[in-house]
Amino acid sequence: MPDRPLIAVTRWIPDDAVKVLADVGEVRVSELDRPLTPEELRSFVAGASAIVSMLHDRIDASVAEAAGPQLAVVANVAVGYDNVDVPALAAREVTVTNTPGVLTDATADLAFGLLLAVTRRLGEGERLLRARQPWSFHLGFLLGSGLQGKTLGIVGLGQIGRAMATRAAAFGLRSVYSGRSAKPDFDGEFVPFDELLRRSDFVSLHCPLTPETRHLIDATALRAMKRTAYLVNTTRGPVVDEAALADALEAGEIAGAALDVFEREPEVEPRLLERDDVVVMPHLGSATVETRTAMAVLAARNVTSVLTGEAPLTEVLC
């Protein structure tokens, strides 16, 4: 390991994290305020002992090869790591880390905010006022759907899914959940995925993106949901087939959807953008000053741990 190893940071991170990295190496931060192309990424990481990557960076064997044999760690500033080929990096003895835990509350807050926004038609109301459209109060005006006494279906009961359930309980919702296995320490009913879709008034997605969960919400799943149900996605865009979702909304198969993530970010299925029964956000799940700083600092601490010969704090294992 060089005395001042090169640390390649693929996009801006908060100064607090840069300071942590600068204690152990030479920090190179991309000056381009956009995702790097594959060619740019390979060129940028050349000679790096550590890469601090973002969720839009595809980190695979070609990137590791471009960095060189001294590459020791890839610290992904996200909980999900579907953008990193972990087995390919492990084969090169490169440690991969992520940033779990620190964004749980922020993401759950946004997920529940999206649920409120789509069920209470908050976006429609704001757009009406900003467009200076005439309106007056009456008992049938912009009626939405209440939450109390209804069922929230949580797909994937990790930390964020649990935090979502806590918020739901405060609003009088009961939770059911599906996933790999039942959680004995959770006060909620474990049900098969198909049953969750049939029973839930609101379906909130919190599962990681894997080959098994890609397009988990497809035309068949959407038809299984109640016609009065709403879908919320704050996990990864490809978990939902956006074209199938647009078809389902057009056919009245579900009542609405709220999305913070998209299949081909930053692109969004155009038909979804035209609908008042869809709320969209530009991937803001962890977007608080406190949370994004904590994510970057955790990634930086993982880098410094590996480069100084210590165990990483949050390693991703194959």
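Student: In this predicted model, how many bridges join strand S4 to S5?
Tutor: Strand S4 covers residues 73–76. S4 and S5 run parallel. Ala 75 stands opposite Thr 97 in S5. The number of bridges joining S4 to S5 is three.

Student: Which strands stand at the edges of the open sheet of five strands?
Tutor: The strand order is S2-S1-S3-S4-S5, with parallel pairing. An edge strand here has a single partner, so one of its sides is left without a neighbour in the sheet. That describes S2 (26–29) and S5 (95–97).

Student: What angle does the direction of helix H12 make with that of S4?
Tutor: Helix H12 spans residues 289–307 and packs on the sheet. H12 touches S1, S3, S4 and S5. Its direction makes an angle with that of S4 of about 170°.

Student: Is Asp 201 buried or exposed?
Tutor: Asp 201 forms a salt bridge with Lys 226, with the closest N and O atoms 3.0 Å apart. The two residues sit in separate loops, 25 residues apart. The relative accessibility of Asp 201 is 12%. Buried means under 20%, so Asp 201 counts as buried.

Student: Which helix holds both Glu 126 and Arg 130?
Tutor: Their side chains meet in a salt bridge at 3.1 Å, N to O. Glu 126 is partly exposed at 42%, while Arg 130 is exposed at 62%. They lie four residues apart, about one turn of the helix. That helix is H6.

Student: Which residues do salt bridges with shared partners join into one network?
Tutor: Arg 271 forms a salt bridge with Glu 269, at 3.1 Å between the closest N and O atoms. Arg 271 is partly exposed, whereas Glu 269 is buried. The network joins Asp 247, Glu 250, Glu 269 and Arg 271.

Conventions
Residues numbered from 1 in each chain as written. Predicted model: local features only at pLDDT ≥ 70, side-chain atom pairs only at ≥ 80, totals over all residues. Heavy atoms only, no water. Pairing = 2+ DSSP bridges. Contact = heavy atoms within 4.5 Å. Axes fitted to C-alpha atoms, helices over the stretch in contact; angles between N-to-C directions. Salt bridge = Lys/Arg side-chain N within 4 Å of Asp/Glu carboxyl O. Buried < 20%, exposed > 50% of the residue type's maximum accessible area, 1.4 Å probe, protein only.
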